[in-house]
Amino acid sequence: MTQRITQSQLEAYLWGASTLLRGTIDAGEYKSFIFPLLFLKRLSDVYDEEYVEALDESDGDADYASLPEQHRFQIPSGAHWAELRMVSTNVGRSIARAMREIERSNPRLNGVFGDAPWTNRDRLTDATLKELIEHYSQVTLSLVNVPEDELGVAYEFLIKKFADDSGHTAAEFYTNRTLVHLMTRLLEVQPGDSVYDPTCGSGGMLLSAAQELRFQGKEHRTLRLYGQERNLTTSAIARMNLFLHGIEDFHIIRGDTLANPAFTEGDRLRRFNVVLANPPYSIKAWDRDAWSSDPWGRNRYGTPTQGRADYAFWQHILASMDSRSGRCAVLFPHGILFREEERDMRERIVVNDVLEAIIGLGPNLFYNSPMEACIVICRSRKPINRVGKLLLIDAASEVTRERAQSFLTTGHIDRIVRAFRSFDTENDFAAVVATEEILQQDSNLSISLYVRQANDHEEHNLEEAVSAWKQSATELRQAAHNVLSDMKRANQ
């Protein structure tokens, strides 16, 4: 097929490759093979398209059409898709070699293909890899046939499908896209802003910032996008994601944000206008001792317990915000609002008056988890009419569930954004609370303490107790699961 295809046809074609892997590798590993092959096919087809255009411009001058300046990316000899189709043995080795040669020829693409074990024939035989190559060869992924926006949408579709298939491992690279859209709208990203995601996963939040400006008809190409991601495969997916959406001015760096922040300037962290993040929930595998004497000064509000790094990520984000224009939206589990062991840190953050709003969300919006989430919004310099105040929004009922998926509709998002921008009390939905009142509540930020009518105190106190019990039970189950997993690994 070399003609334009519909969006649904494109998505079915891309997802069809995964069916060839069923029964050969775990669903959670599909992304390690499918995404790099898709990207390699796209690079080859766009190179061919540019070559033909250059031939037309030069009246058939092949030397001119092969010049590096005629192509966005170089495809060295032996690395083109058409050449891979001719390989019948040691196919995995040929694929791996092609990817490494493309990375060497294009410094911007260094590491973009990840580290999948292409040469392990016990996992993927020559026959399976040949099938994958022939499947992708059915469609020409040129810019004319498949424009960047359409391929980008299909790529996002694949990310979600892989998340659906891989179960609990999905959270590391996929965040509910309706939440991402809400967070982007709340922060009102502007042309020229620097946008940072310290745990960027597949790059969806960074991409959303650019897409929101594009939707508004504003210049999105002046955005400066920065992300860090610990997982090699996921960081590679993020880079491919942005490239396939036609975005090239970005910096995605692989690394552990808490242990080794990638974006620094001299002896301090780099500061950004906008920070969007969905940090991993309550991780315990982090260096608490190093944090207690953090060289970057990120422990301003205290040192979290070993079993929960949420407040470490929160403090990293606060330290990464521009001192004048910095603002952030962070997706957290509800527990950060009231857990006793974090009370002192929470109190210091409240007193410092960087908290602007907390939005409580409905259940099942964390991927593959019934846990309720909240969005925490902070600002380095709050507008004068918001100083000493905090807006709490109870949007737990603003959620729709269809076909086992929970999401926010446009109506839900619009209502939350309106409440945030108006910054006013609305019975049973929003409340503006003074810092002093929060301190009187022992710095407990549970939304139900504040967003209720006066005669509902007994009811919401019970609700609060039940909510806290459910949260504790969920965390206990997770802790038990982690302990059992560690024991199992230790015995292997």
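Is arginine 214 buried, partly exposed or exposed, and what is its relative accessible area? In this predicted model, in which local features need pLDDT of at least 70, side-chain atom pairs count only at pLDDT 80 or more, and totals for chains, interfaces and linings use all residues, arginine 214 is partly exposed, with a relative accessible area of 29%. Residues are numbered from 1 along each chain as its sequence is written, and side-chain values use heavy atoms, with hydrogens and water left out. Relative accessible area is classed as buried under 20%, exposed over 50% and partly exposed in between, computed with a 1.4 Å probe on protein chains only.

Arginine 214 takes part in a salt bridge with the side chain of aspartate 149, at an N to O distance of 2.8 Å; a salt bridge is defined here as a side-chain nitrogen of Lys or Arg within 4 Å of a carboxyl oxygen of Asp or Glu. Because aspartate 149 belongs to helix H7 (residues 148-166) and arginine 214 to helix H9 (residues 204-215), the pair ties together parts that are 65 residues apart in sequence; helices (H or I, at least four residues) and strands (E, at least two) are DSSP runs numbered from the N terminus. Aspartate 149 is likewise partly exposed, at 43% relative accessibility.

A salt bridge of 2.8 Å, N to O, also joins the side chains of aspartate 193 and arginine 327. Aspartate 193 is found in the loop between helix H8 (177-187) and strand S1 (194-197), while arginine 327 is in strand S7 (residues 327-333), so this pair ties together parts that are 134 residues apart in sequence. Both aspartate 193 and arginine 327 are buried.

In a further pair, the closest N and O atoms of arginine 221 and glutamate 219 are 2.9 Å apart, forming a salt bridge. Here arginine 221 counts as exposed, at 62% relative accessibility, whereas glutamate 219 is partly exposed, at 30%. Elsewhere, salt bridges with shared partners link Glu340, Arg343, Asp344, Glu347 and Asp442 into one network. Over the whole structure, the search finds 30 salt bridges.

Turning to the strands, S10 (residues 389-395) is mostly covered, with six of its seven residues buried. Strand S10 runs parallel to strand S8 (residues 355-361), to which five bridges join it, where two strands are taken to pair if DSSP finds at least two bridges between them; leucine 361 has alanine 395 of S10 as its bridge partner. With strand S13 (residues 430-434), S10 pairs in the antiparallel sense over five bridges, and the bridge partner of leucine 391 in S13 is valine 432.
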